[in-house]
Structures are given as C-alpha cells and as structure tokens.
Amino acid sequence: MSAAPSLAICGGKPRFSDALAIGQFYRPEWARYEEAARDIFFRRYYVSQRAVGPLVVQLQGRLQDFLGVKHALPVGNAAVGFMIATHVVGLRGRVVVTPSLSAEAAQSLAWSNCRPVLADIDPATLQVSTASLRSLLKDGGIEGLLVPHCCAGAAPVDEIEALASEYDVPAYYDATQAFGCKVSGRSVGTFGQAEVFSFDATNILGMAHGGCLATNDDALAAAFKAMRGDHVVGPGTSVQSATARMSEIQAAVALMMLDDFEHNRDNNQLQHRCYRDRLRNTPGIRVLRPTGASYSNFQNVVGIVESEHFGLSRDQLIAVLRAENVTAEPLFSSPRAPFGERSDVEYDARLLQGAEMAAQTTLQLPIGGRVTIEHIERICDVINEAHVHADFIRSKFGR
Amino acid sequence: MSSVERSWALGDRPLFAEPKPTCNLDRPNIEKFLDYSRSFYDSGPYANAHLCRQLEQRLAQFHDVKHVIAVTSGFWAHVLAMAAAALPERREVIAPAFGYRRTDDMIAWAGYVPHFCDIDPKTLSISVDTIKPALGEQTALILAPHPMVNCCDADEIEEFGRLHGIPVVFDSVEAAYRKCHNRRIGGFGAAEAFSMHSPKLLNSFEGGYITTNDGKLAAELRRMRDVRLAGNRAVGRAAALNAHLSEMHAAMALASLDGVEEQIPAHRRKYDLYAAGLQTLEGLQLIEHKPRYRPDYRLIVVSVSEPWPLSRDETLRLLEAENVLARPYYYPLTQKTVEYPRICPPLPVTAAVAGSHIVLPSGAHVSEEDVKKIIEVLSRIGRKGSALRLRRY
C-alpha cells in the first residue's frame, strides 16, 4: 500500500506522551474538595460515630432520591458491598453469572462459598442471553442469578425478573457500570432483590472509592445495614458483620459527583458520539451503542473489531494502541476471566459462543474526565491508520 | 434513656451538650492533608497508588518492620492476615472471648472456627497459659490481641507458636505506638494487624494495615488485596478481596502519622488528670499505663469493684445520660449468638472480669476541663450511687 506509517508500533514516536488509561476519572474541582475537607476537619467527625456521619446520611438520602429507590446504603468498599449482598440474599450454592461480571462481584461468590455457573451473553447487546439463562434454570439446581448491567447499558431486566419468579430464585445485579442508567424511565438500582454500585475511578460516580447497596426491600436493607457494621452491638443475637463503613470524605466526594452527574454524563455522551463519528467509515470496527437502557451514562466505549474487514485482529489493534500509550482492553479476555484461576467455575464452552466471540472481538477505549475530544480524534486517527496500513503492520507481527 | 436516669444529677439537661466519646478522632494538620491530596488529585490513580506506597514505607519505619500492606479497614486487615497465615488444612483459630466485639466474625470470614480461650486476670490478655487448654490438632492459628492498656507477653506467645508450629497473628489495633520487650509493636509473630479507623491512634478516616517481616507472606497479602492479581483462585479460605486503601484515606493517614508524636503529651496530661482524680474514688481503679511498654496514654480503662455502689453496666447507663459515652471493656464474645460455629469452653477468668471494666472518654473531643467534669460526675455517682439505684424504680 503506502509508505511505512508513522505509528509507534512501526517505530514512530508515540502519539501520547502520558499513558491514557481506561476509567472515568472524574473529580470535583479542587476548591470544592478543599472546602469539603475543611468542613469535615472542623466538625471532627470522620466516619461513623455510634451512627453514621452527617454527610453519609445526606448521601444516602440523595442517592435514594436520585435512583428512586427506598434504600441506597453507602458502603466504604464496593467489594465488601457485594459480599454483604451475596451473604444477605442467602446464596451458598450455584449462582448464575456472566463473563462480564466485575471482579468485585465475582469475588463475593468465593466468600460465600458459591459456585459460579456461566451463562452466555448476547453478542449483539453484550448483555446476558436470556435463552441461556432459561436453559440453565431449566436444568435445575440454581440458587440465584447475579447479573451485570454491561457497557453503560442495562441487562434485560423484565425477562430476568420473569425468569427469576418463574423458577423462584432471587436475582440481584452487578450495577458497577450502570449508575444513572434507566430502563423505560426506571433507574437501575430498583431492579431485582438488590443492586450493587461501585464508586471507584472506572465509574461515572467515581473517586469516592466505595459504593452503595440499593434495594426496595426493607428486610434486606435492615440486614445490609447490620452487616455494614456501623452499630455497636452488645450481647444478644448478632449478624456476621462485614465492616464497610463509608467515611465522611468519601461521602463528601460522592455528593459532589452526584451534583456533577448530568454534566459528566453529557460529556461522556459527547465523547461517545465523537468515537462513533470518527470511526463510522472505518471498515471492520463498530462502536457499540449502550444497549438495554433508555437512558445511559455512556461511561464505557466498546468497539467490536471484525478482523477480516479491519485487516488486524483485535489483539493486534490493542498492541498498536498500546504502542501509542493508549490503554485499550478487551471487555473480558476469556469467558471465565473474572474468575481467574478458580477451578470450580461451571461452564459448557459449546454454550458460550456469544461470550467467546465477545472475548475475541471487543475493545474498550478511554472515555471520561482525563480524555478530551482532541485525544479521541488522535486515537481514532491511529485506528484509521492501523486499518489503512494493516498489511504492513501484520507483517510486523510476522503473519 | 429513661426520664428517671435523666433527672438524677443535673436536672433536665445532660452535663455535656455534645457526646464525649472514647474515640481518639485525631485531627491532623489540614494543610498537610491537602498537600498530600494534591499529589493524586489531577493525575494519579485514586486508590492503592503512590500515597499508599509512601504510607507503607513510613509505617514500616514507624514499626521497624520490613513489610506493610495497607488495606481498606482494620477488620479486613485481620481477615486477610489470618487467611494468609493460618495452616490451611486445619479448622480452628484460638482467640480470647474477652476481646473486640467482631473478632469471631473476622475469624469466620477468614474461613476458620473461633475457639475461645481465657485471659490472664492481671494483664486482661491472652497468655501462653490460657492458650494451652485450647490448643489441639485442629489449631490453625493463634490470634493474640494486645489489651487496651499495656501488652500481652508477645515474646512468649511468639515462642510458644514457634514451638508448636502454629502461626501467631497479633491484633495490635490499640498497641500501634507501644513497645514490647524493647521491640516496636509490628514485628511480632507471623503478622500484626492494625486499624486506622478514626477512633484509633492514627486516623485515616477509615483504613487498616498489616505488618510482617515475612517476605513470602507479604507477597501473598499483596496478591490477596488485589482481586485482579489474585484472580480469586480459592473458595472461602484465602479468597481475594479488593481491599485497596483509597489515596484520600492514605493522604489522611500520612498527615496523621506526621503529627503522631504531638498527640502523646496531650494524652498524657489527660491520663494524669484521670489518675489523680480517680485516686479519691473508692471502687474505681485505673489500669496504669506502664512506661516500659512505651504507652501513648490514649486509653483510660478503670475496673469497677466493691465498694463502688453500682454495677459496671448501671454506671455506664448513668454516664450515658450525661452524654459521657464510656464503653464496656468488654462484653465477652460468648454472650452473643451468631450464625456460624464456634467453640466456647467455660472461661472462668473471662466470666469473672467481664462485667467490671470501663473505658472512659478521651481523645480529641475531650478537653482537660471535660476530664475534670467526668471525674466530678463519677464522684457524685460514687457518693449517691445506691440511692440512685433505688430512684430508678
């Protein structure tokens, strides 16, 4: 084709001097953070004081209003939030999950001695395949469903709830990627028995580095609270605590991020659109719109790479981008990826074709607070050049 | 609280308008906290990054230990330390029933069965003699908490563990500043677990850490706190936990550590006031901080006995009515009912001392003036006590 491209993988200078990471990385303006910190230092209440601190209480109310849910209980650590949810929902056996489950949710199963059973995903939406769910439930022996809302969209909640009630198993959700998303106007956070959010840097309500447990069920909420451990208990019956108090500074940051939600969400949408526009005419790569949600937070950009049209495999494209200092990642590297080396994951590879395909073809790209439109233009230029010079680059990979 | 209790001493208002807790609630220098915060704010990761590494190095110096692993809270520091250090083929963890109210929960999360042991009546802590009756073929680990005042015999317990091939993890939450046998707390046993929850000596808002001189154990703990590294390879025992400390909390911990030495004289002054005041109150005995343990003088523990006119719990209720949030030390863990198996042999010393100790308010919300008022309240309770008990009905 043309002369050697200037891409870093071909020996050119990387287009980004500092690494551009995956993750939302939004944060409040410094002056607001400083003011919040000074207020907390003035009050001298830093975390629960025989009760939760004032900002944690305020955050709980704001989250409940925002999500339209009866209980939204802040926790200081999202992974422990998942442990609490799994423990309280009462699962101790086989639990159906998908390969796009967050690592925190996956790990909670181990702590409750649950065995993950992998359901397939729908390759068109990347959400759980309800046909696969039904067939696993039909086979019997399933104790519950732990379903992620994937890629800034939402799982097919109506079908899942119908299946859960038909087979009389609890369903709860990994909502780490879906804060602020809605299904037909109803917020994620209100579905199933409970939903767990994470406020770590990868998510739109980030930086606070905790999460929250959302449920409309009073009894579950009471049990969540008791396990979270902000109450001092004396003698008597006591639940097994899993301490996860949120601190006042975490709550302060989460409150500010909640104030900024619409602004950051709109910024995500703008960036998402920029990726779609810039890659619209590039053969073999398609930027997925968030699926299943009537309103999305646009916190993830996921592309699907069809190598026969693009000219490079998804992994080759990742290598091209990494050479430019751009972090690009598969949604998951294999269907059992969230479970690492765990040996007790149940799955039938023949029934995970959607997941297998997603493992081969998905590509997450940076979006959020540390990304600009100019960055996205540069990233898309790299992808376009990679396509144009695919033959040359492939020869670099030796095939 | 009932109106009867309310009206006993000072009319319709509590003595203190604001609650006076036993919590330290250290307020570090705000400018330092902000300076540390700035270093992650614009470009750094928000958790488990360079401020956490800096904190781990500083804590390693503070405790004179090779490795520090910073985690999300003291609770999970204990769970991870026990899960990593215990003998995996065995079932039981020995711990005193006279201890932190969530000790058995932590042991259960680590994947083991709590086997309670008694305490030494002099030190109020676990000792080799109290461990021995609980030791058996299923002993996987000894969890040895340092008491609120002074230290358990860490040397002897460490040696006992070594002799029997049983790892020892020390719960050093209240002992962070201390020395034992002239060694800094932090380097004993297989590992030691600490909390930086705001009531403790160091305030990271919320947080915890594990210290160890064992490089292999440290590497295992670093894997366990990062679910992406550990890939949750095990079920139950030794499962991984995404237990990262946030950079905000690390910033707070660093600022708190910068000012730790300045805390000690203030604690000392209040301790001395308590010591002088309590001397005149018959039936209340202050547990002395012994200089050889390099005390921080932060915790004020008294025992309640004859001729004090009221029980420990009655005294606590009256104090609470005045907004003096003194705490029991402790309710033994055997007094609560839980949903997981535990081994609860008879523990005579625990039973004998369980209802007799109080932790009195101290820390940043309690001034020297407040200490004087608290002693005055106690002295009134001492004088009028039996009458108060009658008036409650």
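Two residues are in contact if their C-beta atoms, placed from the backbone, lie within 7 Å. The legends below rest on a predicted model, in which local features need pLDDT of at least 70, side-chain atom pairs count only at pLDDT 80 or more, and totals for chains, interfaces and linings use all residues. Residues are numbered from 1 along each chain as its sequence is written, while chains are lettered from A and ligands numbered from 1 in the order in which they are written.

**View 1. Chain A meets chain B.** The contact takes 44 residues from chain A and 49 residues from chain B. On the chain A side, the elements that give two or more residues are helix H1 (30-43), helix H4 (103-111), strand S10 (236-237) and helix H8 (248-259). Helices (H or I, at least four residues) and strands (E, at least two) are DSSP runs, numbered from the N terminus. H4(A) supplies the largest share of this side, six residues. The side of chain A that touches chain B has 17 nonpolar, 15 polar and twelve charged residues. Here Ala, Val, Leu, Ile, Met, Phe, Trp, Tyr, Cys and Pro count as nonpolar, Asp, Glu, Lys and Arg as charged, and the others, Gly among them, as polar.

View 2. Domain 1 of chain A covers 8-25 + 261-396, and domain 2 covers 30-259. These bounds come from an automatic or database domain assignment. Taken over C-alpha atoms, the centres of the two domains of chain A are 27 Å apart. Their contact takes 39 residues from domain 1 of chain A and 42 residues from domain 2 of chain A. On the domain 1 side, helix H9 (261-279) and helix H12 (353-361) of chain A are the elements that give two or more residues. H12(A) gives the most to that side, with five residues. The domain 1 side divides into 22 nonpolar, 13 polar and four charged residues.

**View 3. The two domains of chain B touch.** In chain B, domain 1 spans 3-25 + 260-391 and domain 2 spans 30-258. Their centres, taken over C-alpha atoms, lie 27 Å apart. Domain 1 of chain B brings 34 residues to the contact, and domain 2 of chain B brings 33 residues. Helix H13 (residues 348-353) of chain B gives the most to the domain 1 side, with four residues. By class, that side has 25 nonpolar, four polar and five charged residues.

**View 4. An open sheet in chain B.** Seven strands of chain B form this sheet, in the order S1-S9-S8-S5-S4-S2-S3, with mixed pairing. Two strands pair if DSSP finds at least two bridges between them. Strand S1 (67-71) and strand S3 (113-117) of chain B are the edge strands, and each pairs on one side only. From one strand to the next, the twist averages 25 degrees. Axes are lines fitted to C-alpha atoms, for helices over the stretch in contact, and angles run from 0 to 180 degrees between N-to-C directions. Strand S2 (residues 92-96) and strand S4 (residues 139-145) of chain B run parallel, joined by three bridges. Glu92(B) stands opposite Thr139(B) in S4(B).

**View 5. Helices across the chain B sheet.** Helix H4 (residues 74-85) of chain B lies across S1, S2, S4, strand S5 (168-171), strand S8 (191-195) and strand S9 (208-212) of chain B. H4(B) runs at about 165 degrees to S8(B). Helix H7 (residues 154-164) of chain B lies across S4 and S5 of chain B, at about 155 degrees to S5(B).

**View 6. Two helices cross in chain A.** The axes of helix H3 (residues 78-89) and helix H7 (residues 218-228) of chain A come within 10 Å and cross at roughly 130 degrees. That angle makes H3(A) oblique to H7(A). Angles under 35 degrees count as roughly parallel, over 145 as roughly antiparallel, 65 to 115 as roughly perpendicular and the rest as oblique. Ile84(A), His87(A) and Val88(A) in H3(A) meet Leu220(A), Ala223(A), Phe224(A), Met227(A) and Arg228(A) in H7(A). This contact has six nonpolar, one polar and one charged residues.

View 7. Glu306(B) and Pro307(B) are joined by a cis peptide bond, with omega about 5 degrees. Pro307(B) lies in the loop between strand S11 (300-304) and helix H12 (312-321) of chain B. Another cis peptide bond joins Tyr329(B) and Tyr330(B), with omega about -15 degrees. Tyr330(B) sits in the loop between strand S12 (327-328) and strand S13 (336-337) of chain B. In chain A, Cys151(A) has phi near 55 degrees, a positive value in a residue other than glycine. Cys151(A) is in the loop between strand S4 (144-148) and helix H6 (157-166) of chain A.
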